[in-house]
Amino acid sequence: MTFWIIVGVMTLAVAGLMAIPLLRTPDVQADNPDVAIYRAQLAEIDRDLERGLLDPAEADRSRTEIARRLLAASKMDQGMLRSDSRQGLVAISVLAVVAAVTFATYLQLGAPGYGDVPLQARLAASEQMRANRPAQAFLEQLAPPPPAVTLPEDYRAAIDRLREIAPTRPDDLEAWSRLAFHEVELRNYAGAARAQDQVVSILGDAAGPADLTRLLDLRVVAAGGLVSPEAEQVIRAILALDDTNLAARYYLGLLYDQTDRPDLAYRLWRDLAENGNPASFHAASARQMIEDAAFRAGIDYTLPALRGPSAEDIAAAQDMSPEDRQAMIGGMVEGLADRLANDGGTATDWARLIAAYGVLGDTDNARAIWVEAADVFGANAEAMAILTPAARDAGLLE
């Protein structure tokens, strides 16, 4: 409240100082030279008449003419006075409007009580925030506990046994991969991240973007959605292998968003939000957050709506010849293949693509997609349960 009182008093004081000169009544008689000249001429006629230098009839005519001019000059001065008065009222009205617009704008865009933060100070604060982020282990301790999951006791006992065995086999890729998978099933994301970290260490230079992306996902989830310095290291490693990797770009944008650089987050998220697969976690998350990041960055941005086939497209497809319909289906299949190759997708998406190639009779492409999907989802039993029937229907399995 103190802030608004001070601002109001200052605004009224400035408006008053500006209005005082406009409200003064001008001294017309003192400042108008025409009035003074005409009066002097009248006095001169009287003096000439007294000295006999001027005929009375001519003096009357001259006096009448000068009096007429004096009256006209006086009327002009009164009009100017009224005009000055109206200008003063207009000026006061303008000051009132300016004050009202200023207050309304500040209420919309300002932050009462918030100190001035220059750009360089904000950039420096952001860098300091990034440099002083807590470590992964500390963030895992602060993260809220995941929801409980109900699993058979014998399954939990088997995982406990795997936890004991895996550390005794530091180079056993299968053991650590299985441990990472099952820790996720138990919602132990911190343990899953440590197991996946060991998987990446075992793979060494053979670790690909998919392996690193899984590690990155697990570290961020285990940290309660925050991007730790250790997670940032994985981001940099992925981008060094593939600078277009959408998961790494999403998490890098998330890091910037969490450290008061929404402008950089917006730049990284825009292509992902507009062109990424909306069914993927990273694209969907970018779509949810990009408008808020743009607003905080001072950017006027509205996320385009998701587009799909229109009713006219569907009606047109029904009227196509078999050859044209087959060509359209082939185009859709190619679009799905490009999307999965660039953005990734769920096991259901991969299964759809395998099945589509099987329907088209393109066994070679169906087999190539099946091999790639099995490599990506091989450790996920649920995903393989979706993919295997699709491969069987496409004639790839007995």
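**Core and pocket in a predicted model**

Student: Which residues lie nearest the centre of the largest pocket?

Tutor: This is a predicted model, in which local features need pLDDT of at least 70 and side-chain atom pairs count only at pLDDT 80 or more, while totals for chains, interfaces and linings use all residues. Residues are numbered from 1 along each chain as its sequence is written, and side-chain values use heavy atoms, with hydrogens and water left out. A pocket here is an open set of points on a 1 Å grid over the protein atoms alone, where a 1.4 Å probe fits, with protein on both sides within 12 Å along at least five of seven lines, and lining residues have an atom within 4 Å of a point. The largest pocket is lined by 48 residues, and those nearest its centre are Ala210, Thr213, Arg214, Val376 and Phe377.

Student: Which element gives the most to the lining of the largest pocket?

Tutor: The lining draws at least three residues from each of domain 2 (132-297) and domain 3 (317-394), with bounds from an automatic or database domain assignment. Helices are DSSP runs (H or I, at least four residues), numbered from the N terminus. The helix that gives the most to this lining, with 8 residues, is α10.

Student: Which residues touch the most other members of the largest nonpolar core?

Tutor: A nonpolar core is a set of buried (under 20% relative accessible area, 1.4 Å probe, protein chains only) Ala, Val, Leu, Ile, Met, Phe, Trp, Tyr and Cys residues joined through side-chain atoms within 4.5 Å. Among its 34 residues, the ones touching the most other members are Leu216, Ile235 and Trp269.

Student: Which element gives the most to this core?

Tutor: The elements that give two or more residues are α10 (209-222), α11 (229-241), α12 (246-258), α13 (262-275) and α14 (281-296). With 8 residues, the one that gives the most is α12.

How values were computed:
Buried means under 20% relative accessible area, exposed over 50%, partly exposed in between (1.4 Å probe, protein chains only).
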